Amino acid sequence: MTAATVDGSPADAPDPSERDKPRLVAFFDRIDAYNNLLLPVLAIVSALIAGALIIGLTDIDRLKEGDIGGILTTIKDAYLALPSGALGSLRGISETIVSATPLILAGLCFAVAARSGLFNIGATGQMFAGGMAAVWVGFSMDGPGIVQVPLALLAGIVGGGLWGGIVGFLKARTGAHEVITTIMTNYIAGLLTLWLLKTETFQQPGKDNPISKTVSSEGRLPKLFFWSDDPSLRAHWGFLVALAGAMFMWWLFERSKVGFELRTFGSNADAARYAGMKPATLTTLAMFIAGGLAGLGGATQIIGTQGYATESFAGTIGFDAIAVALLGRNKPLGIVFAALLFGILEAGGRKMQLETDIPLDVVLVLRALIVLFIAAPALTRLIWRLKSEGSTSVLQFRGWGA
Amino acid sequence: MSTSATPAPDQLPVETTATTTATPDATNPLTFEERQHARNLGIAYIVLAGISAIVLTGNGGTATFNLDGDRSFGLPAQPLAWFVAASLAVVAGVQLWRGFGKWTNVVLALSSVLIFMSFLAWAAAGREFSFIGMLASAVTFSTPLVFGACAGIMCERSGVVNIAIEGLLLNGAFTSAFVGSLASGWPGMGPKSGFWIGVVAAMITSAMFAWLLAWLAIRFKVDQVIVGFFINFFVLGLTSFLSSRVLTENPDYNDTPTLAAWNVPLLERIPVLGQILFQQTVFVYGAYVLVAVFTWFLFRSKWGLRTRAVGEHPRAADTLGVNVLRLRYRNVILAGAIAGFGGSWWTATLGRFNENITNGRGFIALAVVIVGRWHPVGALCAALLFGLFDSVADKLSLLNTGLPSEFIKMTPYLMTIVVVAGFVGRSRGPKAAGQPYESQ
């Protein structure tokens with residue numbers, strides 16, 4: 001089975017006609033403005049319109065009375081509450097960052113694997129593995145923060161990396177498809193976490209429910225807004241860790257030899273093999289790096305946001321991250337912006353729920369629709385009556401057989 | 001859809017890699033891969049024998065397994081464990097020395113039953129245990145998996161990867177609860193007929209989501225795994241949204257009768273088996289009928305032949321006049337209807353909808369498809385096995401064995417990985433699954 005391109009944008013071929021273009025046009029061409037800017041914006045707008053329809057059509061009481069004006073007001077209030085809840089106050093911004101931090105790292109996890117030609121939906125399990133490793137370091141050590149925090153983060157990387165590496169190893173050695181193995185390892189990681197949280201080593205003394213011991217205050221990531229004493233400003237340095245992760249991914253794929261090999265392997269496995277690269281090693285390595293990034297996300301969730309582990313600390317982040325990576329077109333900068341957007345939806349959605357009684361779940365619908373419109377550019381073009389341009393598909397992965 | 005039984009003139013010489021195994025020739029009886037599998041299997045037997053000798057001999061006493069009424073049988077835990085360990089060691093020796101040939105799977109199945117019984121005896125040593133109840137609830141738990149897996153097989157056999165089983169099941173559960181509750185309020189409708197209208201609505205809406213899957217995958221050539229994920233996300237979001245926005249405010253919209261068991265006349269009186277298989281709800285019987293009918297059509301009818309051809313080698317099928325895309329559309333939509341029916345099992349069992357009620361069962365159904373090697377009967381067996389682990393975990397948590405139920409629940413997932421990784425015989429999917437097809 002052949003592998004198709006994972007990265008939608010064509011290679012930057014220098015074109016002699018480029019020189020004659022006005023600077024701004026040339027700039028937009030260079031960054032592939034159509035695919036990287038216009039399409040995401042149209043996708044978001046389309047999703048918001050569809051979301052508005054869903055909100056309107058489920059307003060049964062008003063629909064019965066035929067109160068169209070009232071419905072429109074609700075939609076307007078809801079969509080105004082989103083940005084104001086997320087960005088209107090320092091607390092909102094803090095919450096946005098808190099939501100975005102693990103999404104960035106898990107999104108990078110998906111993207112690293114995707115650009116290496118692997119569909120890694122195991123970010124949830126890898127976050128569990130990394131988070132549990134980090135929490136163990138966090139509560140069992142008692143040293144200065146400058147030692148303990150990096151150690152916990154390192155434990156997160158190693159834990160998540162090994163958990164992801166198993167999947168890569170299985171794929172490389174036996175051809176076990178990563179979609180299946182990652183679904184299974186997600187469940188296994190969830191159950192292992194639940195079990196660990198009930199063991200004496202992990203469980204908080206005096207508690208019946210599965211909850212871990214608390215990370216010592218030295219071992220926590222420092223607050224991002226360090227000048228404020230307000231405990232509700234939860235944003236922590238995990239955000240900086242996430243940004244560093246994004247820079248690492250940029251370096252990996254744009255500057256390093258390994259990244260070049262991974263990219264080649266991702267877009268054409270046969271070519272990589274003929275060029276003397278080792279597919280088995282690359283698959284395992286790609287999954288190790290991807291898992292490490294997700295594990296780091298789990299670690300920031302533990303020693304940054306929560307301070308202890310619960311059975312659901314990875315939540316749905318692993319799956320939301322797939323949407324983040326797709327929206328960010330598997331590029332580090334794109335993922336950071338996509339994760340911030342999702343963070344805005346999350347933090348703003350909570351205010352929306354408070355003010356307009358519209359359930360937070362509408363955010364899930366919006367996210368799904370954004371993924372749809374990004375993944376099907378042809379559909380988005382059809383809706384907006386745009387002429388065909390640029391690449392057609394964001395991603396394609398190898399089938400079961402390969 | 002053409003479903004005539006007579007062999008059609010345009011039958012294609014397509015071999016399904018999912019069901020046939022390589023035939024050994026005279027000079028080289030086993031391929032390298034087969035020898036490796038035989039060795040792995042032997043090692044697995046040794047490990048199981050070791051577990052049996054070291055762990056399962058730990059509990060003394062007799063486990064009493066209750067059958068129906070006042071019948072029961074007892075198994076002494078320790079002697080049984082030693083017996084199982086010894087026989088598994090012998091089996092491992094024979095497996096490594098010369099293999100079992102065509103009896104390999106039979107021996108594997110028997111050994112699994114042995115170690116399973118020994119495990120139960122260990123867990124329930126000195127106590128009583130409802131054996132029949134466990135098996136009956138295994139059958140019940142497996143029902144939605146069978147429907148989901150059949151939907152998955154139908155899609156994948158025709159070349160469309162269906163990750164969206166979860167979403168289709170969830171939509172079926174929501175729609176049947178919602179429409180079923182609405183319809184029971186209509187004039188001339190009782191709760192019972194309302195429920196069945198809900199089931200029909202579930203089949204129709206799930207078929208529509210399946211059509212969306214086919215449309216995006218075929219018309220726009222969006223990666224099928226991503227479309228599947230989109231549908232899962234979307235349905236999860238939409239049903240949760242509707243459930244908290246509409247259903248919580250109007251509890252009448254989320255209230256259907258639960259479906260009572262319907263005992264099959266005569267068959268229900270068979271001792272033991274009757275209680276396990278024939279005192280269930282219509283959904284269970286529906287699952288068995290579906291597997292039988294689907295197997296027959298898939299391997300004995302013109303439609304089935306064409307479906308398999310389209311999933312393995314669409315170009316060849318196209319050359320011989322099969323409309324590849326139309327067949328894919330039809331099969332995916334039909335699969336959606338099946339999954340919708342399967343989703344209404346939750347409504348029939350619980351009488352209401354809760355957010356994310358399917359809780360990942362659709363992904364398990366996907367595993368069932370693979371462990372069952374893309375064959376309806378295989379999927380049925382795999383689903384029963386997964387259901388069995390569910391019900392064992394359920395019952396053992398009552399027994400307080402000290403063995404964490406998490407590990408029992410984990411077993412099916414580990415087993416899936418073992419199967420997918422081909423440690424004990426590889427499971428291979430239809431060749432063209434996941435690839436968009438462009439007719440020339």
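Let's start with how α1(B) crosses α2(B): the crossing is left-handed. This is a predicted model, so keep that in mind throughout. In chain B, helix α1 covers residues 32-54 and helix α2 covers residues 77-97. Their axes lie 8 Å apart, at an angle of about 165 degrees. Angles over 145 degrees count as roughly antiparallel, and α1(B) and α2(B) are therefore roughly antiparallel to each other.

Who makes that contact? On the α1(B) side, the residues include Ala38(B), Leu41(B), Gly42(B), Tyr45(B), Ala49(B) and Ser52(B). On the α2(B) side, they include Ala81(B), Val84(B), Ala85(B), Leu88(B), Ala92(B) and Gln95(B). Remember the general rule: an α-helix has 3.6 residues a turn, so residues three or four places apart point the same way. By class, the contact of α1(B) with α2(B) has 15 nonpolar residues, three polar and one charged.

Now a second pair, in chain A. Helix α14 spans residues 332-356, and helix α15 spans residues 362-375. Their axes come within 10 Å and cross at roughly 160 degrees. α14(A) and α15(A) are therefore roughly antiparallel to each other. Which hand does the crossing of α14(A) and α15(A) have, left or right? Right-handed. From α14(A), the contact uses Phe342(A), Leu345(A), Glu346(A) and Gly349(A). From α15(A), it uses Val363(A), Leu366(A) and Arg367(A). The classes are four nonpolar, one polar and two charged residues.

Next, the place where the chains meet. 39 residues of chain A are in contact with 40 residues of chain B. Which elements of chain A give two or more residues to the side that touches chain B? They are α7 (145-174), α8 (178-196), α15 and α16 (377-383) of chain A. α8(A) gives the most, with ten residues. By class, this side of chain A has 29 nonpolar, eight polar and two charged residues.

Last stop: helix α3 of chain B, residues 104-123. A quick length check. At 1.5 Å a residue, its 20 residues should span 28 Å. The end C-alpha atoms are 28 Å apart, which agrees.

Which residues of α3(B) are buried? Ser111(B), Ile115(B) and Ser118(B) are. So is the run Phe119(B), Leu120(B), Ala121(B), Trp122(B) and Ala123(B). What covers the buried residues of α3(B)? The cover includes helices α1, α2 and α14 (376-399) of chain B. It also includes strands β1 (62-66), β2 (72-76) and β3 (128-130) of chain B.

Terms used:
Residues numbered from 1 in each chain as written. Chains lettered and ligands numbered in written order. Predicted model: local features only at pLDDT ≥ 70, side-chain atom pairs only at ≥ 80, totals over all residues. Axes fitted to C-alpha atoms, helices over the stretch in contact; angles between N-to-C directions. Helix = DSSP H or I, 4+ residues; strand = E, 2+ residues; numbered from the N terminus. Parallel < 35°, antiparallel > 145°, perpendicular 65-115°, else oblique. Left-handed = near helix turned anticlockwise from the far one by under 90°. Contact = placed C-beta atoms within 7 Å. Nonpolar A, V, L, I, M, F, W, Y, C, P; charged D, E, K, R; others polar. Expected span 1.5 Å × (residues − 1). Buried ≥ 20, exposed ≤ 12 C-beta atoms within 10 Å, placed from the backbone.
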